[in-house]
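User: I'd like to learn how to read a few features in a protein model. Could you walk me through them one at a time?

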Amino acid sequence: MERIIKGKAWVFGNDIDTDVIIPGKYLRTTDMQVFADHAMEGVDPDFPQKVQKGDIIVAGDNFGCGSSREQAPLALKHAGVSCVVAKYFARIFFRNAINVGLPLIEADVECQEGDEVEIDLLEGTVEVNGQTCQGNKLPDFLLEILTDGGLVAHRKKLQKQENI
């Protein structure tokens with residue numbers, strides 16, 4: 001995980017639920033490319049073809065509400081999204097994103113689609129169009145999980161250290 005994340009903004013509104021992040025009809029697979037190919041298709045059918053590696057989603061309140069499907073943050077991550085910024089995340093989505101190694105930050109950011117966004121995960125800041133917004137800084141233990149690539153990778157690292 002990079003401390004500084006820079007990318008182009010994809011702007012979405014409030015209450016983006018997991019059914020539009022990855023529609024239920026694609027949940028019977030474990031193929032990450034299928035998830036990537038259908039990410040956000042419930043709200044923007046062209047998103048999977050337009051999103052570029054490193055792009056950032058900027059959203060309103062309650063991003064990731066709905067079912068607790070871990071496939072939602074996986075779909076975004078494998079589509080190339082480097083970080084999600086939202087005013088507020090549904091708690092289960094927040095935790096699932098950390099678990100799969102998808103960085104996120106809660107911040108009230110105003111921007112337009114295509115704007116360049118810069119996030120400093122250690123400081124908890126988001127900069128857009130020369131304006132810096134202080135977001136909620138992630139606790140060190142969550143940053144450590146993200147740095148290790150997600151919860152499973154983090155746990156494996158800890159087990160390895162314990163066996164030394």
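**Rings, sheet and charges**

Analyst: Let's start with Phe93, which is buried, with a relative accessible area of 1% (buried means under 20% relative accessible area, exposed over 50%, partly exposed in between, using a 1.4 Å probe and protein chains only). A word on the ground rules: this is a predicted model, where local features need pLDDT of at least 70, side-chain atom pairs count only at pLDDT 80 or more, and totals for chains, interfaces and linings use all residues. Residues are numbered from 1 along each chain as its sequence is written, and side-chain values use heavy atoms, with hydrogens and water left out.

User: How do I read an aromatic pair, and how many does the search of the whole structure find?

Analyst: A pair of aromatic rings is described by the distance of the centres and the angle of the planes. The cut-offs: rings of Phe, Tyr and Trp (its six-membered ring) pair if their centres lie within 6.5 Å, with planes under 30 degrees apart called stacked, over 60 edge-to-face and the rest tilted. The whole structure gives six such pairs. One of them is Phe63 with Phe93, edge-to-face at 5.2 Å centre to centre and 80° between the planes. This pair links distant parts of the chain, 30 residues apart: Phe63 is in the loop between strand E2 (56–59) and helix H4 (71–79), and Phe93 is in helix H5 (residues 91–100). Helices (H or I, at least four residues) and strands (E, at least two) are DSSP runs, numbered from the N terminus.

User: What is the geometry between Phe89 and Phe93?

Analyst: Their ring centres are 6.1 Å apart and the planes meet at 10°, so this pair is stacked. Phe89 is buried at 0% relative accessibility, and Phe63 is buried at 0% too. Ring pairs join Phe63, Phe89, Phe93 and Phe94 into a cluster.

User: Which charged end sits over the ring of Phe94?

Analyst: That's Arg91, 4.8 Å from the ring centre. To count, NZ of Lys or CZ of Arg has to be within 6 Å of the ring centre and within 35 degrees of the ring normal.

User: Now the sheet. In what order do the strands come?

Analyst: Two strands pair if DSSP finds at least two bridges between them. Here seven strands make an open, mixed sheet, ordered E4-E3-E2-E1-E5-E6-E7. Strand E4 (104–106) and strand E7 (131–134) are the edges: each has a single partner strand, so one side of each has no neighbour in the sheet. At the E4 end, strand E3 (residues 83–86) pairs with E4 in the parallel sense over three bridges, and Val85 stands opposite Ile105 in E4.

User: Last one: how many salt bridges does the structure hold?

Analyst: Side chains of opposite charge can pair when their charged atoms come close. The rule is a side-chain nitrogen of Lys or Arg within 4 Å of a carboxyl oxygen of Asp or Glu, and the structure holds 10 of them. Take Arg3 and Glu123, at 3.5 Å, N to O. Arg3 lies in the segment before strand E1 (4–11) and Glu123 in the loop between strand E5 (116–120) and strand E6 (125–128), so the bridge ties together parts 120 residues apart in sequence. Arg3 is partly exposed at 38%, as is Glu123 at 44%. Together with Asp120, Arg3 and Glu123 are linked in a network of salt bridges.
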